[in-house]
Amino acid sequence: MLRYEGKIRIPSGCAISGIMNKKGQPFPGDDIIKSIALMHDRSNGLGGGFAAYGIYPEYKDLYAIHMFYDHEGAKADVEMFLNQHFKIELSERIPTRKVSSIKNPPIIWRYFAFPRGDKLAEAGLDESEYVVRCVMRINSDFEGAFVVSSGKNMGAFKAVGYPEDVGDFYMLDTYRAYIWTAHGRFPTNTPGWWGGAHPFTLLDWSVVHNGEISSYDANRRWLEMFGYKCTLQTDTEAITYMFDLLIRRHRLPLEIALTAMAAPLWDEIERMEPEQQELMISIRAVYGSALINGPFSIILGCKNGIIALNDRIKLRPLTAATKGDFVFIASEESAIRTVCPRPDAVWTPMGGEPVIALLEGVEDI
Amino acid sequence: MSFSLLTPEFIVERNDERCIRCQVCVRQCANLVHMYDQEEDRIVADDSKCVNCHRCVALCPTRALTIRRNPLEFKENANWTTSAIREIYKQAETGGILLTGMGNDRPYPVYWDHMLLNASQVTNPSIDPLREPMELKTMLGRKPEVLNVEDGKVKEKLPPQLKLEIPVMFSAMSFGSISFNTCQALAMAASEAGVMYNTGEGGLHKDLRKYGKNTIVQVASGRFGVDVDYLQAGAAIEIKIGQGAKPGIGGHLPGEKVMAEISQTRMIPIGSDAISPAPHHDIYSIEDLRQLIYSLKEATDYQKPVSVKIAAVHNVAAICSGIARAGADIIAIDGFRGGTGAAPLRIRDNVGIPIEFALAAVDTRLREEGIRNQVSLVCAGGIRNSADIIKAIALGADAVYIGQAALIAIGCHMCQKCYTGKCNWGIATQDPNLVKRLNPEIAARRLINLLHAWTHEMKEMLGGMGINAIESLKGNRLMLRGIGLTSRELDILGIKAAGE
Amino acid sequence: MSYVIIGNSVAAVGAVEGIRKHDKITPIIIISDEPYHTYSRPLISYYLGGKVTQDKMYYRDKNFYKANKVKPILGVKAEQVDFDKKEVILQDGRRISYTKLLIATGGKPLIPPLEGIEKKNVFNFIKLDDVKNIERLARAGSKAIVVGASFSGLKAVEALVQRGVRVTVIDIMDRIMPRVLDETASLIALKCLVKYGVEVLLNTTVEKIIGDKIARGVLLKDGRELACDFIILAVGVRCNIDLVKGTNLNINRGIIVDTGMRTNIPDVYAAGDVAEGYNFLEQRNIEIPIIPNAYKQGETAGENMAGADKIFDRGFVMNSMPLLDLSIVSAGVSTTGEGTNIKAIYKQDTNTYRKFYIRNKNLVGYLLINDIDRAGIYTDLIKRKVDISPFADKLGEEGFGFISLPKEMRKQIMLEG
Amino acid sequence: MNNLSAAAKKRIYAKEEVCIGCRLCEIYCIAAHSQYRDNLIKTFKKLTKRPLPRIVVEEEKPVSFGLQCRHCDEPECVKACITGAMHKDTETGIVTNDIERCIGCWTCILACPYGVIKRDYQNKKIASKCDLCMESNMEPACVKNCPNEALYIKASS
């Protein structure tokens with residue numbers, strides 16, 4: 001029996017990988033496919049996906065909305081909704097290549113659009129919040145429709161299959177991006193729905209994640225207080241929203257947001273200087289529900305860079321490396337060395353210690 | 001009237017082969033059950049006075065004593081049970097309302113026992129608390145929705161918080177309802193364990209002020225012992241609106257218990273009845289509560305969190321929403337199994353709702369309203385073990401209060417006769433001969449042991465779930481599955497059924 | 001350097017133990033005219049009564065001298081002390097030089113000026129040799145006369161009764177142990193003696209001892225004649241100062257010592273029955289011929305001889321006397337003087353008697369008969385000069401104890417030990 | 001220094017605030033000094049001549065406390081003893097009465113400032129007192145069995 005994310009929580013193990021050019025120079029998707037493909041055994045053919053930043057330079061000021069539709073009816077309904085709320089500049093099928101292992105694809109579509117001024121004014125929201133609400137609305141209210149990604153000059157590409165096959169399917173060798181992240185999935189049952197694959201995105205946040213967070217429901221119920229609808233019941237979705245909430249909405253500095261998610265232990269806090277201590281205590285008090293517990297390693301992508309983070313007791317693998325302008329992050333060191341045999345530096349970040357790689361000249365995420 | 005239809009509830013059995021006539025039982029029974037018959041050189045018992053508190057049994061050095069339920073039965077009747085009949089006899093003989101002590105003992109479902117916890121298997125690792133850090137530290141108090149950080153510093157200080165080493169506190173029990181030694185033991189244990197005890201409405205004895213950092217001072221309708229020093233003396237202030245054992249009912253400490261120390265502590269004359277009115281007569285509505293909350297905050301310079309304790313009644317979710325919005329930092333909800341030193345039997349057994357439902361409903365409601373973080377939730381009333389605590393936190397509590405469990409730890413045998421003032425264990429009594437039976441040092445040690453044991457167990461359970469900080473359990477209802485519950489009950493608890 | 005002690009009884013042993021608290025090395029020489037290992041003199045009545053054997057009479061075990069590096073010179077009398085040369089001259093001519101000297105020669109019996117006192121079978125009751133002699137005559141059915149219903153006289157009576165001897169005890173006073181017992185107490189004791197078949201003759205005295213060379217009886221002042229097989233004289237004891245008579249030593253009835261047991265001659269100390277030490281209840285120097293006092297005086301002397309600065313200023317009389325089936329204890333003052341209040345409780349049914357002597361706010365003496373348990377608490381109240389006014393009404397009442405004291409005082413005393 | 005001298009300064013004290021007057025200390029003391037040691041039932045059922053409790057319990061409600069020999073540094077009883085039976089062990093510091101030599105003169109009772117020496121008429125005529133249960137080489141029975149920890153052993157300097 002096929003099971004759908006959103007109907008049930010499906011734990012999974014995974015591979016993750018990310019490559020970034022700090023100067024913002026785009027490069028094709030071959031390396032990221034090669035990197036994630038090396039970790040073939042970490043996934044089981046039931047989900048793979050990529051996020052790519054800088055792929056739509058010609059539409060860089062428009063929201064690139066990637067969609068999955070189960071049927072034409074859903075597409076019609078959503079397009080009516082989109083037309084009411086957005087001005088759509090371009091609507092097209094996302095090009096794919098026939099790959100034998102990728103079966104039963106949904107209707108895969110993309111729109112380049114911007115919010116309608118009157119509707120935006122009517123809603124009284126800032127633009128990004130407006131887009132978020134629309135995305136939430138589609139995901140929760142439109143049966144058979146799912147927003148794959150919704151950021152500017154970026155997109156997510158995912159499917160049920162091994163990640164290298166997914167990359168082939170979406171012809172990622174033909175895209176050029178300055179940040180690539182990838183995900184290979186090992187779910188513990190048989191998801192049939194493409195929307196459940198990773199990465200999960202919102203606006204230009206994308207998250208690839210390896211882990212099963214035990215704090216999920218505590219995180220979810222807290223997020224939902226702020227209007228997020230965790231329809232997929234996946235960790236990745238919740239973590240994505242968490243970044244959105246902490247960084248975009250609460251305007252927390254990146255390191256504070258990361259501290260909230262992988263907070264230092266009380267024992268460590270007790271040994272800190274008073275000022276630092278007060279900050280940490282405050283973070284733990286206010287953002288206790290944002291603490292992500294259980295094993296995870298994640299790569300957060302956004303237009304300004306990538307951040308990798310492990311759970312605070314490092315229950316999942318994560319390795320980072322640099323080579324010139326390039327930053328590599330992957331579940332396994334081999335996945336880095338396969339595309340960069342002689343990195344300048346390779347290290348294994350400590351639990352809870354983030355790897356922050358920003359574009360040159362960018363101060364904050 | 002000397003002739004009574006009430007037959008002895010219990011029978012005292014003495015094994016004469018073991019009885020060495022040491023008369024410890026005679027000396028220890030405040031109910032005067034045992035007597036030494038010099039002529040016969042044997043000890044005899046008046047069964048009718050026995051309350052089955054086990055004091056004599058526990059102290060008998062040769063284990064010569066057993067107390068049994070009197071096997072005498074009425075004709076079997078599903079409707080007119082023994083207790084139903086006995087209660088009528090009692091009322092027909094006395095003309096009074098029936099009094100009782102401790103919590104509701106009726107066979108209502110215990111929902112804790114209908115919830116099961118999760119554990120990690122394969123897909124994520126369980127955590128071994130003996131090898132990995134496992135954090136139970138809990139902060140109670142209002143949290144801002146957003147933390148303002150500037151240049152790596154906190155821009156606004158947090159509102160006052162209670163810091164607990166583990167999410168367990170000792171429930172409000174007043175000096176008066178319990179003995180000084182019991183109060184002292186609770187204070188010592190709270191202090192040692194890094195948690196809080198609660199003065200109840202009986203004021204704070206001068207000798208216990210040194211435990212202030214671990215004290216919640218209560219302000220109840222009688223306002224006993226309340227002055228600004230009292231408010232300043234504790235770490236937090238709790239306004240007691242109601243109590244799970246007797247929602248809607250006030251309290252009454254009879255004048256004979258108001259001896260010098262209690263009189264001084266409660267600031268009332270020796271020998272005067274200490275009556276706590278049913279409502280606070282300055283709180284007839286939610287806005288009045290707000291005024292009291294802010295009066296107390298003003299009086300303590302906004303340095304102490306203010307808690308509001310209510311009994312779990314039907315409309316508890318809406319009431320708590322109102323309390324949160326009225327400015328409370330902590331809400332304590334006391335379920336219908338909550339203990340008491342004295343309550344009318346009918347009230348205790350028939351009023352209020354289970355804490356499990358109340359807690360789930362309140363947590364859900366506060367989240368729906370987006371104000372859950374503004375206030376900490378403490379649940380009370382019948383928490384029996386560490387699993388109950390873990391379940392309570394998964395349902396949405398920040399911490400729990402334990403009262404009866406704490407008293408049991410120090411010797412209470414649940415005879416439910418607290419209201420008589422003759423507690424043979426030195427707990428619910430003011431009789432100096434009985435009070436000294438509770439050695440505060442032993443009692444504190446036992447309480448600390450209990451908390452220690454529960455801490456270990458909670459850590460094991462958390463570790464099993466793959467969680468290493470208690471805040472990741474708070475409201476994490478996915479960690480619970482219901483068993484033997486209707487779908488309506490599952491909905492209210494916000495949990496799935498086992499197997500789902 | 002050497003310590004020399006003349007005497008081998010309680011004060012001497014106290015002195016040895018006192019010296020050894022401070023000085024574990026310097027030899028101690030004990031000189032005694034008795035040939036025995038140190039023994040307890042009061043045990044002679046128990047010896048006579050058959051309660052102890054001679055081998056159980058030692059006051060300290062056989063190892064005592066060796067363990068304490070004591071060189072005993074026993075069975076040799078010290079004849080004289082040359083205080084200038086610091087030497088003790090013995091009967092056999094030996095001269096024992098000392099650095100520090102303790103005179104603990106004890107007491108000796110008061111011999112009444114009685115006609116016929118030199119006859120055979122008239123005994124004192126002080127030394128082991130006395131009872132060894134008496135033992136031979138004291139057979140079941142023989143008849144004895146004890147002169148003096150004093151403490152030691154009555155202990156002799158008890159021992160004789162236990163041996164089955166028929167005893168008559170004679171005293172000039174109107175009651176038994178007149179210095180300790182009042183009329184009520186005396187009557188209780190009298191009843192007891194009579195119960196055991198003792199004939200007690202009070203208010204009379206012996207005119208002369210009858211018999212040829214051997215005493216056969218006595219003639220009383222009132223003209224009566226009593227026959228007997230032997231006679232024990234127990235009219236009193238006085239300080240045994242023979243050794244130092246006529247020297248520069250400051251002597252009254254006994255050798256006068258300060259609260260450190262020092263005499264007026266440097267390096268010479270005195271302790272025990274031979275000394276007149278400070279009695280703090282009477283606030284003057286007087287002999288206190290009882291064992292606890294002898295020991296403490298000896299111990300104090302010993303410590304001071306070894307260089308300490310010990311003071312013993314709490315001496316007073318106390319006695320415990322089991323008499324047949326009676327238990328009698330007393331301490332401190334036993335006479336009614338000015339400013340002394342009395343509290344007395346006599347219970348006929350239990351045959352108990354409790355009497356307290358109170359001066360100002362202090363307990364200064366008591367007498368208990370039969371209910372003597374915890375008597376030491378009263379002794380201590382006397383010694384500490386405790387203000388008893390908060391609990392004076394409870395003295396002698398059932399259950400009197402520390403519980404009767406104010407809480408603070410009780411805790412202080414109970415935690416002291 | 002051996003273990004015994006470590007015991008030299010031990011005293012048993014009472015906490016009257018928590019003494020509950022149950023007198024179990026007496027019961028266990030009796031048994032501990034009987035031939036049946038810890039067996040209370042046999043001690044009380046089989047023996048007609050039982051040892052006296054060597055602890056004194058004073059009670060005047062609501063106050064009560066147990067009191068036993070302090071094994072004083074300067075023991076009055078030892079100094080007063082006319083036979084030398086009462087002695088303080090130089091090794092252990094424990095004051096004991098050699099019942100072979102005690103003749104029951106009760107001078108120790110007269111001298112003991114704590115009033116904790118008793119006349120034992122049942123078993124010869126001897127003075128009976130606390131020996132800190134030294135024979136059992138264990139925690140004294142009264143301390144061990146006090147249900148409310150109202151008795152404790154303390155090493156005092």
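Mentor: The discussion below takes the terms one by one and sets values against cut-offs.

Mentor: Please keep in mind that this is a predicted model.

Trainee: What makes the phi of Leu32(B) worth a remark?

Mentor: Most residues other than glycine have a negative phi. Leu32(B) is not a glycine, yet its phi is positive, at about 60 degrees.

Trainee: How do you know which peptide bond is cis at Pro199(A)?

Mentor: The value of omega shows it: the bond from His198(A) to Pro199(A) has omega near 5 degrees and is cis. Pro199(A) belongs to the loop between β10 (179-187) and β11 (200-202) of chain A. Chain D has a cis peptide bond too, joining Lys61(D) and Pro62(D), with omega about 5 degrees. Pro62(D) lies in the loop between β2 and β3 of chain D. Most peptide bonds are trans.

Trainee: What is the make-up of chain D in helices and strands?

Mentor: Chain D has 6 helices and 8 strands. Along the sequence they follow the pattern α-β-α-α-β-β-α-β-β-α-β-β-α-β.

Trainee: Why is chain D called as compact as a globular protein of its length?

Mentor: The globule rule gives 15 Å for 157 residues, and the radius of gyration of chain D is 15 Å, close to that value, so the description applies. The C-alpha trace of chain D spans about 40 × 35 × 35 Å along its principal axes. Of its 157 residues, 56% count as buried. Among contacts in chain D with a separation of 6 or more, 60% are between residues 24 or more positions apart.

Trainee: How do you know which chains touch?

Mentor: Two residues are in contact if their C-beta atoms lie within 7 Å. There are 3 pairs of chains that touch, and chains A and B have the most contacts among them. That contact takes 36 residues from chain B and 34 residues from chain A. The side of chain B that touches chain A has 15 nonpolar, 11 polar and 10 charged residues. Chain B and chain C, in turn, have no contact, and their closest C-alpha atoms lie 15 Å apart. Chain A and chain D do not touch either, with nearest C-alpha atoms 36 Å apart.

Trainee: Which element gives the largest share of the side of chain D that touches chain C?

Mentor: In this contact, 29 residues of chain D meet 35 residues of chain C. The largest share of the chain D side, 4 residues, comes from α5(D). By class, that side of chain D divides into 15 nonpolar, 5 polar and 9 charged residues.

Trainee: What makes β9 and β12 of chain C edge strands?

Mentor: The open sheet has 5 strands in the order β9-β16-β10-β11-β12 (chain C), with parallel pairing. β9 (122-123) and β12 (199-201) each have a single partner strand, so one side of each is left without a neighbour in the sheet.

Trainee: How do you know that β11 of chain C pairs with β12(C)?

Mentor: Pairing requires at least two bridges. Strand β11 (residues 166-170) is joined to β12(C) by 3 bridges, so the two strands pair. Thr168(C) stands opposite Glu199(C) in β12(C).

Trainee: Which residues touch the most other members of the largest nonpolar core?

Mentor: That core has 463 residues, and Ile333(B), Val378(B), Val400(B) and Ile231(C) touch the most other members. Leaving aside residues up to four places away in sequence, Ile231(C) touches several residues, including Phe123(C), Ile145(C), Val147(C) and Val218(C). In soluble globular proteins, nonpolar side chains tend to be buried together.

Technical notes: Residues are numbered from 1 along each chain as its sequence is written. Chains are lettered from A and ligands numbered from 1 in the order in which they are written. This is a predicted model: local features need pLDDT of at least 70, side-chain atom pairs count only at pLDDT 80 or more; totals for chains, interfaces and linings use all residues. A nonpolar core is a set of buried Ala, Val, Leu, Ile, Met, Phe, Trp, Tyr and Cys residues joined through C-beta atoms within 7 Å. A residue is buried if 20 or more other C-beta atoms lie within 10 Å of its own, exposed if 12 or fewer, and partly exposed in between; C-beta atoms are placed from the backbone. The radius of gyration is taken over C-alpha atoms; the globule rule is 2.2 Å times the number of residues to the power 0.38. Ala, Val, Leu, Ile, Met, Phe, Trp, Tyr, Cys and Pro count as nonpolar, Asp, Glu, Lys and Arg as charged, and the others, Gly among them, as polar.
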